[in-house]
Amino acid sequence: MADMVNVFLFGKKYEVPSDLTIMEAMEYAGYKLVRGCGCRNGFCGACATVYRIKGDRELKACLACSTRVENDMYVATLPFFPLIKEGYDIEKIPTDESIMMQLYPEIYSCVGCNACTNVCPQGLNVMQYIAYAQRGDYKKCAELSFDCVMCGICSSRCPAGISHPQVAMLARRINGKYIAPESKHLTERVKEIEDGLCADALEAIMAKPVEELQELYNHRDIEK
Amino acid sequence: MIFTDEMLASMKKVEAARTANIALEPRRMTAEEKDALLKKYHPDYRDDAFVPIRVGGNAGQKAPEELNAMLEGRPRVLDMDIDLNDVYYDVDVLVIGGGGAGASAAIEAHAAGANVMIATKLRIGDANTMMAEGGIQAADKPNDSPAQHYLDVMGGGHYCNRPELVKKLVTDGPGAIQWLNKLGVEFDKTEDGTMITTHGGGTSRKRMHAAADYSGAEIMRTLRDEVLNRGIPVVDFTAAIELILDDQGHAAGAVLLNMETGEVRVCRAKCVILATGGAGRMHYQGFPTSNHYGATADGLVLAYRAGAKLLYQDTLQYHPTGVAFPKQIYGALVTEKVRSMGAKLINAEGECFMHPLETRDVAAASIIRECSDHGKGVDTGAGKAVWLDTPMIDEIHGAGTLEKRLPAMLRMYQKFGIDMRKTPILVYPTLHYQNGGIEITVDGQSGVENLFVAGEAVGGIHGRNRLMGNSLLDIIVFGRNAGQQAAKKARGVTVGKLSLEHARKYQENLEKIGVENQAASPKLLPDYTRKF
């Protein structure tokens, strides 16, 4: 059994094993989670959490599923944050900076405080990707923001009221659809399938009895 | 350092043998060797973990005991006061579940002009789709074809797959990738636009498309964004606890429970699409899981009570490489892409004991054998495990490769003080996927009229073992299909009088066979309170 530590969940003290994550510590203490718990492994951003260690001035942020408890940790979860999400038609939007000016004009009010970058639990350079979005450089914005789990902690700290994850989402979709090069082999294969050119080979293999299929499978050549 | 002395000693052997192990091309097992291995070591073959189903359309067949407990559970609606005349939501198409299949279905139903809504137990995107790391298959390279893909799928599934469903999967695969790309999904490409593709276990062509190791997350967040852009209503934190049928026995909606307030509301729909996902949080046979918090097989239970049939409900996928250490991420997924990129499985003695890209069932059984009868596992404190020699990746492809292609894995371990570029990691199988599920026809409909199913809740596409990358593909292909078909069908549907009589009758049948101590069903969420 691991050592016990004191954690303060929403200010109330609980004694929990030191080898638990914050999420597990809440459950150990008796919480039955509905909000603030999704993939439990750092991909979904449901468990945004802020905390302070007693005696330390700095406010820290993390994902509760991926962070171990510490002694004298004061924890508050942030299971929802009111991000601004503007609607748009991906087929019709302009792909230059005018779309950001139209949908998310507040990004131009960034004061450069870097609070977003400092709290990002994924360690992303959030302020820099917003700078790229301001200039309409969506490829760079997409690259820097790619690992974003949209937990919203950055936005909770932003004095300009920017919804960074939604800005990045728009940039990535523009990049994926309009800026990244077309995959010609994909376009061609889709056309071949639509033209029925792949059907005969498929019908032929489907018509084989299982023994023949097994034979084919067991001796198929495997690309190096 | 968080590793034990035993781990460090074993790690030294792994390091010493690394150069030789990189050069080694391990033999692939023969069909006979694989069969014998599976029968002896794969958890699906453990008779004591399964019980016969006693009521309903699959009576006599076996199911995991935890699933059967839900099939024999007490329908939650029987203890509630529900007025079916008080219809709160009235739609053409109700999609239950907010993962990749549900979102794809909703987008297509909306595009076809249907009035569609999504009800989901947690948030849209809280789903196994979000956690899929490695990639998505599709036969779009010149040396590949849908027929070649078909052969891999059937062989991997032990020839039990429903051929018509596989045909649709492989034929619509390239179109699914194109659809995602046109929505803005950022696939890994070279400068000239060629998709960067790799192998998965059991593939004969490199057809695994990826978005680093956030493939599912990238797909899911894009689909979610599109659902929101279209203004499709998403009723979140709201679980379906029973399907509603009409007086003809056709699906006609669902009873929806607010997970936070307990409020119950009736949704009437001309067609229902179940996209409720998998079952990892049922922890079959006590395994840890790589699944999201809500993966509790709810859809299987609801559909079964409504009269749909299950298929291969007794086959589960144990992903060979779940995290075995450290404890805080026990059971989490280490993507197969780690092996696609060249890392090999190594035992406590530093020996490479198998080809790293056997199919998942074979790889899992082989690891279990290594840790049990072969006695060559490493003690983690919670059991035995084998090494996945991740430093091989940068040795083979050059420094920086792992960081670029596997950022999520690197970050996951770094949070707990382990640098997987420098030290190997300890892995053991984790409950990952429900191979079986609800039986459907190629139009996506279950045995219940107007009840469609898509995604992990479906059985038959993958036979008795799914290949890596075919799940992300299946949720898109069959999610879109269900949305299109349901929207089309809804145009001709007139809903009759709403009824929950089927749930009452089902309960009567349970009582006839003397079922006692029923748990509330469906499960909705696992109970971790005061555990650990």
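Helices here are DSSP runs of H or I with at least four residues, strands are runs of E with at least two, and both are numbered from the N terminus.

A word on the source. This is a predicted model: local features need pLDDT of at least 70, side-chain atom pairs count only at pLDDT 80 or more, and totals for chains, interfaces and linings use all residues. Residues are numbered from 1 along each chain as its sequence is written, with chains lettered from A and ligands numbered from 1 in the order in which they are written.

Back to that pair. Axes are lines fitted to C-alpha atoms, for helices over the stretch in contact, and angles run from 0 to 180 degrees between N-to-C directions.

Which residues meet? From helix 8 of chain A, Leu186(A), Arg189(A), Val190(A) and Ile193(A); from helix 9 of chain B, Pro174(B), Gly175(B), Ile177(B) and Gln178(B). Contact means C-beta atoms, placed from the backbone, within 7 Å. By class, that contact has 5 nonpolar, 2 polar and 1 charged residues. Ala, Val, Leu, Ile, Met, Phe, Trp, Tyr, Cys and Pro count as nonpolar, Asp, Glu, Lys and Arg as charged, and the others, Gly among them, as polar.

Now the whole interface. The contact takes 68 residues from chain B and 64 residues from chain A. Which helix of chain B gives the largest share of the side that touches chain A? Helix 9 of chain B, with 7 residues. That side of chain B has 30 nonpolar, 18 polar and 20 charged residues.

Next, a pair inside chain B. The axes of helix 7 of chain B and helix 8 of chain B come within 9 Å and cross at roughly 135 degrees. This crossing is right-handed. Helix 7 of chain B brings residues including His149(B) and Tyr150(B), and helix 8 of chain B brings residues including Val166(B) and Lys167(B). The contact divides into 7 nonpolar, 2 polar and 1 charged.

Last, chain B overall. Its secondary structure comes to 18 helices and 23 strands. The C-alpha trace of chain B spans about 70 × 55 × 45 Å along its principal axes.

Methods:
Contact = placed C-beta atoms within 7 Å. Left-handed = near helix turned anticlockwise from the far one by under 90°.
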